[in-house]
Amino acid sequence: MLKYTYFLFALFFSCFANAQTPASGPGKYLAELPAGAEASLLVADANTGQTLFSHDAETLRPPASVQKVITALAARLQLGKEFRFHTDIEVKDNDVIFRFSGDPSLRRDDIRRLVASLKRETSIIRGNVYLNGAAFDDFELADGLPWDNLGICYSAPSSSISLDNNCAVAKMLFTDENKTQIDFQISRDAPINIINKLDLTDGLEKRYCKFRLMADNTNQYTLGGCLGRHEIPRFLSFAVQNTELYAAEMIRRELKHAGIELQGNVIRNDRASGRIIARHESEALPVLLDEMLKDSDNLIADNLLKAVGRSYYQEPGSFDNGVSATKAVLKDKAGIDLASAALADGSGLSRNNRMSASQIMSVLQYIHAHPELELWQAMAEAGKSGTLRYRYSLRGDTFKGKVKGKTGTLYGTFNIAGMMTTATGTPLLFVQIVTNYHHPDYHRHEKREIRNFEKKFYQSLYSMK
């Protein structure tokens, strides 16, 4: 009995010793972070699954855009490799129906091609044009989105009626030599309205007067606060607030361009249906996932989450059923339990999201064990692609092409999760969640400490034997 007890103690001590502690392992570089910052770190051998380093790996923290890895796996498992969003034109009696399915890649040119197919059927619509957006529910913004970012394109609403990334771009420029008058050149004449209430400054006389953007449900944007003259010209990207209004106006314009007379109105009607005469399909799921993961596209992520919910429950997709379906799919098909994770969307943009490093690691381990899913290929690559191409801490030949993963950034949060090939050729899986990062001189030194920490942390992983 004594020998057996000694054996268990030795086994426990051996396992504990293999996972380095913050004081002795890569975690010693946590001292680089400003006071008050918190971190969860987890490193494992990709081939054996052995934990090599762990620090607060069970604490729930904001995953930010690292959450897109979870959305990607759920979409791949539930929707399948051949999944595509589609947009149809249907006809019934004197009416025409545009049926949307939440295609985050749908463009105005795609609508133009659909309308060209309609023109071959008729040059007069004697009834109405109906917009059918029944694929998703009416709630286009997830819980926990900050109000001050809703007018910016990375917060574009997740809608079944999605067009042009639900984003409009305008160039701000001066129209006079004295730099007093501003004009806005709206790309492709997007149907938005901009109201200028800016106070232009020449220096720091109003350093605490910030640039402000307010948006309303008519796709009208008010610019206020202060902006330095030296910051003009500049491009502004506006998140479409009323996707139905935006799409309706674009369809009216394309019908006119095609020479089709519309005698009725453009109306939202999620029950309208008819005979399909034309269809536009998005690229297949792997192409969408590649853009979502490399470029951290929030609209693709949130619309895919809703598509997963719609597929799993056979009802209109929503943030709620998308989250529920994601957890169910990962539990049933991958054996990954995310019951304790707090998820509000598919993009990680919501401040309500919370996951642990160990939960994210379980997803990475499943992806590594199933190369047929081809999800590593869709990740950003250090020095080569996506959000890791110019990551300061992973610059240089040491890491180029040797780190793949997903970044995640929110106010006060800096995350990375992925895989690294070390100097000895060992593949490591790693999760970094750094949150509550607030430097006392935040505006001048926003990233200095996090960059120092990451550079030393990943160099220590690269040198692991």
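In this predicted model, an open sheet is built from 6 strands in the order E2-E1-E20-E19-E18-E17, and their pairing is antiparallel. Strand E2 (51-55) and strand E17 (380-381) stand at the edges; each has a single partner strand, so one side of each is left without a neighbour in the sheet. Further inside that order, strand E18 (residues 403-410) and strand E19 (residues 413-421) are joined in the antiparallel sense by 8 bridges. A handy landmark for locating this pair on screen is threonine 409, whose bridge partner in E19 is phenylalanine 414.

Is strand E3 (residues 86-92) largely enclosed or left open, and why? Of its 7 residues, 5 are buried, so E3 is largely enclosed by the rest of the structure. E3 pairs with strand E16 (residues 275-281) in the antiparallel sense, over 6 bridges. Within this pairing, isoleucine 89 has alanine 278 of E16 as its bridge partner. E3 also runs antiparallel to strand E4 (residues 95-99), to which 5 bridges join it. Here aspartate 88 stands opposite arginine 99 in E4. E3 and E4 form a hairpin with 2 residues between the strands, and in this hairpin aspartate 93 takes a positive phi near 55°.

For helix H2 (residues 68-79) and helix H6 (residues 298-313), the axes come within 9 Å and cross at roughly 40°. That angle makes H2 oblique to H6. The crossing in which H2 passes H6 is left-handed. Which residues meet where the two helices come together? On the H2 side they are Lys68, Thr71, Ala74, Ala75, Gln78 and Leu79, and these meet Asn298, Ala301, Leu304, Leu305, Ala307, Val308, Ser311 and Tyr312 in H6.

The protein averages a pLDDT of 92, and 93% of the residues score at least 70. Over residues 1-18, however, the pLDDT is below 50, and this stretch has 4 contacts in the model beyond near neighbours in sequence.

Key
Residues are numbered from 1 along each chain as its sequence is written. This is a predicted model: local features need pLDDT of at least 70, side-chain atom pairs count only at pLDDT 80 or more; totals for chains, interfaces and linings use all residues. Side-chain values use heavy atoms; hydrogens and water are left out. pLDDT is the predictor's confidence in each residue, from 0 to 100. Contact means heavy atoms within 4.5 Å. Buried means under 20% relative accessible area, exposed over 50%, partly exposed in between (1.4 Å probe, protein chains only). Helices (H or I, at least four residues) and strands (E, at least two) are DSSP runs, numbered from the N terminus. Two strands pair if DSSP finds at least two bridges between them. Axes are lines fitted to C-alpha atoms, for helices over the stretch in contact, and angles run from 0 to 180 degrees between N-to-C directions. Angles under 35 degrees count as roughly parallel, over 145 as roughly antiparallel, 65 to 115 as roughly perpendicular and the rest as oblique. A crossing is left-handed if the near helix is turned anticlockwise from the far one by less than a right angle, and right-handed if clockwise.
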